[in-house]
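Below is a short note for a colleague who has not looked at this structure before. The points are numbered and can be read in order beside the model.

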Amino acid sequence: IRDVLGSRGLGDVYKRQGQLKSVALYMLGKKPEQVRNGTKKTSPELYTALGCNKDNFANSILVTRKLNGKTYSRLKPNTILAHKLSISFHPDDNDKLTYETAFRIAKEFAENFFYSKGFEVLMAVHTDREHIHAHFLVSNCNMETGKSFRRNQRDLYEMSEFFGEQCLQHGLVNSVRDNFYNHDLGRQQDKLTFAEQQMRKRGAESFKDCLLYTSPSPRDPKT
């Protein structure tokens, strides 16, 4: 089952409003240079937002932070506003996979693992590469509790299971890999090391905090 850590091992985090606005525009293919150059990343029917404004993601999540008493200031550079995560399909499945099916799978993924847990998310399926893939921008502030977005090894395993099942249901056998995670979760410990504890106290992100959810194949294409 192939929802695994990214080929680079790290996801992206965004700590500045301007940076977040820029990546949201990039995901939707709406950056001025993309428009000028005729670069098409996605289509209106292939992107959406859950719990927020798809055309103004950055401002939406800042409002949520304010409502939950979580301040944002450019003077506090370690404040994480959002995480960028991805899933991708193997190009050998392109003959069975439409963009619309990829969108449905990605939306169910976002609903199950982000929105249903209280986090706003912007998502888009990209069509500009040989391998179809989807990106997610996930708010770092829970709409109900104000808590930060966290995930552990069990979460990653459940994502792997879910994505793999969705791929199998659609006959996307090349997009499934079942040997990444240790299935014996009872033997796993999801504990922070001392160094990770110190990093968290300083507001820094450890490797575990920056895991990228994606689904590379043994011949992992770049996203």
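1. Of the 223 residues in the chain, 49% are buried. The model is a predicted one. The accessible surface of the chain is about 11200 Å², and carbon and sulfur atoms account for 48% of that surface.

2. The chain holds six helices and seven strands. Read from the N terminus, the order of the elements is β-β-α-α-β-α-β-α-β-β-α-α-β. Among contacts between residues at least 6 apart in sequence, 77% join residues at least 24 apart.

3. In soluble globular proteins, nonpolar side chains tend to be buried together. Here the largest nonpolar core has 28 residues, and the members that touch the most others are Phe89, Phe109, Phe114, Val125, Phe136 and Val138. Two or more residues each are given to this core by E4, helix H4 (99-113), E5, E6 and H5. H4 supplies the largest share, seven residues. Another core lies apart from this one; it has 18 residues, including Leu20, Phe57, Leu81 and Leu137.

4. Strand E5 (residues 121-126) deserves a separate look. Six of its six residues are buried, so E5 is largely enclosed by the rest of the structure. Val121, Met123 and Val125 point to one side of the strand, while Leu122, Ala124 and His126 point to the other. E5 runs antiparallel to E6, and six bridges join the two. Within this pair, valine 125 is opposite alanine 134 of E6. The two strands form a hairpin, with six residues between them.

5. E5 also pairs with strand E3, again in the antiparallel sense, over four bridges. Leucine 50 has valine 121 of E5 as its bridge partner. E3 (residues 47-50) is covered on both faces: Tyr47 and Ala49 are buried on one side, Thr48 and Leu50 on the other.

6. Leaving aside neighbours within four places in sequence, alanine 49 is in contact with Lys54, Val121 and Leu122. Tyrosine 115 is 66 residues away from alanine 49 along the chain, yet their C-alpha atoms are separated by 9.5 Å.

7. Which residues of helix H3 (residues 57-67) are buried? They are Phe57, Ala58, Ser60, Ile61, Leu62, Thr64 and Arg65. An α-helix has 3.6 residues a turn, so residues three or four places apart point the same way. The buried residues of H3 pack against helix H1 (17-27), strand E4 (82-88), E5 and E6. After H3 comes glycine 69, with a positive phi near 70 degrees.

8. One is asparagine 140, in the loop between strand E6 (133-139) and helix H5 (153-169). Is asparagine 140 buried or exposed? Its relative accessibility is 6%, so asparagine 140 counts as buried. A polar atom of its side chain lies 3.1 Å from the backbone oxygen of isoleucine 80. Not counting residues up to four places away in sequence, asparagine 140 touches Lys70, Ile80, Leu81, Ala82, His83, Phe119, Lys147, Ser148 and Phe149.

9. The other is glutamine 34, in helix H2 (residues 32-37). With a relative accessibility of 5%, glutamine 34 counts as buried. Its side chain reaches the backbone oxygen of tyrosine 26 at 3.4 Å. Beyond residues up to four places away in sequence, glutamine 34 touches Leu25, Tyr26, Gly29, Thr39 and Lys41.

10. A last point concerns cysteines. How many disulfides does a search of the whole structure find? The search finds zero. A disulfide is a covalent bond between the sulfur atoms of two cysteines. Cysteine 52, at 17% relative accessibility, counts as buried, and so does cysteine 141, at 0%.

Key
Residues are numbered from 1 along each chain as its sequence is written. This is a predicted model: local features need pLDDT of at least 70, side-chain atom pairs count only at pLDDT 80 or more; totals for chains, interfaces and linings use all residues. Side-chain values use heavy atoms; hydrogens and water are left out. Buried means under 20% relative accessible area, exposed over 50%, partly exposed in between (1.4 Å probe, protein chains only). A polar contact is a pair of N or O atoms within 3.5 Å; within protein, one must be able to donate a hydrogen and the other to accept it, and residues adjacent in sequence count only if both atoms are side-chain atoms. Contact means heavy atoms within 4.5 Å. Two strands pair if DSSP finds at least two bridges between them. A disulfide is a pair of cysteine sulfur atoms within 2.5 Å. Accessible areas come from the Shrake-Rupley method with a 1.4 Å probe; for residues, only the protein chains shown count as cover. A nonpolar core is a set of buried Ala, Val, Leu, Ile, Met, Phe, Trp, Tyr and Cys residues joined through side-chain atoms within 4.5 Å.
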